[in-house]
Amino acid sequence: MENINWSGLPFGYLKTDYNVRCYYRDGKWGELEVTSSEIINIHMAATCLHYGQESFEGLKAFKGKDGKIRVFRMDENAKRMQSSARGIRMAEFPQEMFEEAVRKVVKLNKRFIPPYESGSALYIRPLLIGLGAQVGVQPANEYMFLVFVTPVGPYFKEGFKPTKVCILREYDRAAPHGTGTYKVGGNYAASLAAGTLANSKGYAAVLYLDPKEKKYLDECGPANFFGIKGNSYITPKSDSILPSITNKSLMQLAEDTGMTVERRPVPVEELADFDEAAECGTAAVIAPLSQIDDLDTNKSYTFTTDNKPGAICVKLYNKLRAIQYGDEPDPYGWVTVID
Ligand code: PLP
Ligand code: COI
């Protein structure tokens, strides 16, 4: 504990003291349970293992200069997990219980919340899995909700320094009317082949195109995409991407600074017109892009050459972080202070 290097944390798992669990049996959710075990003991025929009945979330808690602990937009994560549950026919976990579980797990692991100065945060990882045994392809009748926490640094090791991503048309992370809008494990399994290939070629991630026509931008493996053109914040509208809470927040902040927000299909060629481009998400925060290489057409789109993020990305990043850490007012009530 004493030797945690708070400002040099990777985005990885570090054991903390407690996790919180809840079981759905006989058609209803039980009470929240606290455990210090990192192990779950489940039936070998559980639907999460065979048929991918699994959804997860990601949110963060931040320690402010004032010492207060703030969790960002947990109501949105609770609702998105319910949408994912409906999407793959799992029992929905009630929003109030989700929020109570998050409060509890954060409080119980207070000593793992990185200090303000470190710029790191406590990553909160809720999980919902089908536990009931099924051999036929059917939803389970028993479920488990679990939430653990781990202190993390930036998702991309470069942090706020620009990275490169690539376009690879032979791979999709989700089907046109599939599960792309849900946060389910299968989408991430589907992204591993392309993701590891991209990493081996020196790219931080894959920028997926729409799976139907391969004409429009979708999103990156672990984050949404946005581009800046003049005074416009432009982000893809698509039926196969995850509705990112970070992106939704940035759209609001962009609008507040007088920018025009465009959420619409974005043709891949439009990358040539962008002044700035970035990935955004809870883990990624804003990860600016220096370059996007279209490996099928050999076209490259360059956004920065001096290895510095663009001015609008910097402004949005600072604004978002200031709200999350409590340095600036929170006009939309995005933050919950945990006492
Ligand atoms: N897109 C994908 C595929 C993700 O896994 C994530 C991470 O949660 C995001 C986008 C960003 O979403 P959020 O901003 O809600 O974290
Ligand atoms: C997040 O941003 O919270 C994510 O879940 C992204 C990734 C770690 C899958």
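Okay, quick housekeeping. What you see is a predicted model, where local features need pLDDT of at least 70, side-chain atom pairs count only at pLDDT 80 or more, and totals for chains, interfaces and linings use all residues. Residues are numbered from 1 along each chain as its sequence is written, chains are lettered from A and ligands numbered from 1 in the order in which they are written, and side-chain values use heavy atoms, with hydrogens and water left out.

Let's start with the layout. The chain splits into domain 1 (6-152) and domain 2 (163-325), with bounds from an automatic or database domain assignment. Their C-alpha centres are 25 Å apart. At the interface, 27 residues of domain 1 touch 20 residues of domain 2, contact being heavy atoms within 4.5 Å.

Now, ligand 1. There are 16 residues around ligand 1, and Tyr-188, Glu-219, Ser-244, Thr-246 and Thr-282 come nearest; to be near, a residue needs a heavy atom within 4 Å of the molecule. For polar contacts to the ligands, think pairs of N or O atoms within 3.5 Å. An oxygen atom of ligand 1 is 2.5 Å from an N or O atom in the side chain of Tyr-188. For Ser-244, a polar side-chain atom is 2.6 Å from a ligand 1 oxygen, and for the side chain of Arg-80 the N or O to oxygen distance is 2.8 Å. On its own ligand 1 exposes 380 Å², and the protein buries 96% of that, by Shrake-Rupley with a 1.4 Å probe.

On to ligand 2. Which residues surround ligand 2? Among them are Phe-11, Phe-56, Arg-125, Tyr-155 and Pro-222. By class, that shell has seven nonpolar, two polar and two charged residues. Both domains contribute: the shell takes at least three residues from each of domain 1 (6-152) and domain 2 (163-325).

Key:
Ala, Val, Leu, Ile, Met, Phe, Trp, Tyr, Cys and Pro count as nonpolar, Asp, Glu, Lys and Arg as charged, and the others, Gly among them, as polar. A polar contact is a pair of N or O atoms within 3.5 Å; within protein, one must be able to donate a hydrogen and the other to accept it, and residues adjacent in sequence count only if both atoms are side-chain atoms.
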